Amino acid sequence: MENWTNAKWCDVANLVLGAILFLSPWIFGFDAGAASQNAYIAGIVIAVLAIAALAAFAVWEEWLNLIVGLWTLIAPWVLGFHGNRTAMAVHVVIGIAVAVLAAIELWMMSQIPPRLTTSS
């Protein structure tokens, strides 16, 4: 039960991180373009995955979170907005945080796999 509670806190943290990433173009004043578009899309995806994980457990959600976190981390270089230091910093920090939280949840699941039934 403790791992389930810890996993839920990771999902709540991902929900908050997704919301921050989505709002970051307004908060930090990114220029319209690749940086803001990526922040909107990645923020929505992270938040939706977190809501899905809070509603019903699924292992695939954690793998997708890891992928989206890594994408958010490398997006400044792939999409070419690494010159915008603020946008780059927001993407890198949130990408690392989401990827680490997903890795923690995957590690917790590998230690004590979740029960799929209610019987002992």
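**Patch, helix faces and exposure in a predicted model**

Modeller: Trp9, Val12, Val16, Ile20 and Leu54 together make a nonpolar surface patch of about 440 Å². This is a predicted model, in which local features need pLDDT of at least 70 and side-chain atom pairs count only at pLDDT 80 or more, while totals for chains, interfaces and linings use all residues. Residues are numbered from 1 along each chain as its sequence is written, and side-chain values use heavy atoms, with hydrogens and water left out.

Biologist: What makes a patch nonpolar?

Modeller: Its residues have over 30% relative accessible area and no salt bridge, and nonpolar side chains (Val, Leu, Ile, Met, Phe, Trp, Tyr) are joined within 5 Å. Helix α1 (residues 2–28) gives the most to this patch, with 4 residues.

Biologist: Why is Trp9 called exposed?

Modeller: Exposed means over 50% relative accessible area, buried under 20%, and partly exposed in between (1.4 Å probe, protein chains only); Trp9, which lies in helix α1, has 60% relative accessibility and therefore counts as exposed.

Biologist: How do you know that Ile67 is exposed?

Modeller: Ile67, in helix α3 (residues 59–79), has a relative accessible area of 54%, so Ile67 is exposed.

Biologist: What puts the buried residues of α2 on the same side?

Modeller: In α2, the buried residues include Ala35, Asn38, Ala42, Ile46, Leu49 and Ala53.

Note on methods. Patch = residues over 30% accessible without salt bridge, like charges linked within 9 Å, V, L, I, M, F, W, Y side chains within 5 Å. Areas by Shrake-Rupley, 256 points an atom, 1.4 Å probe, with all protein chains shown as cover. Salt bridge = Lys/Arg side-chain N within 4 Å of Asp/Glu carboxyl O. Helix = DSSP H or I, 4+ residues; strand = E, 2+ residues; numbered from the N terminus.
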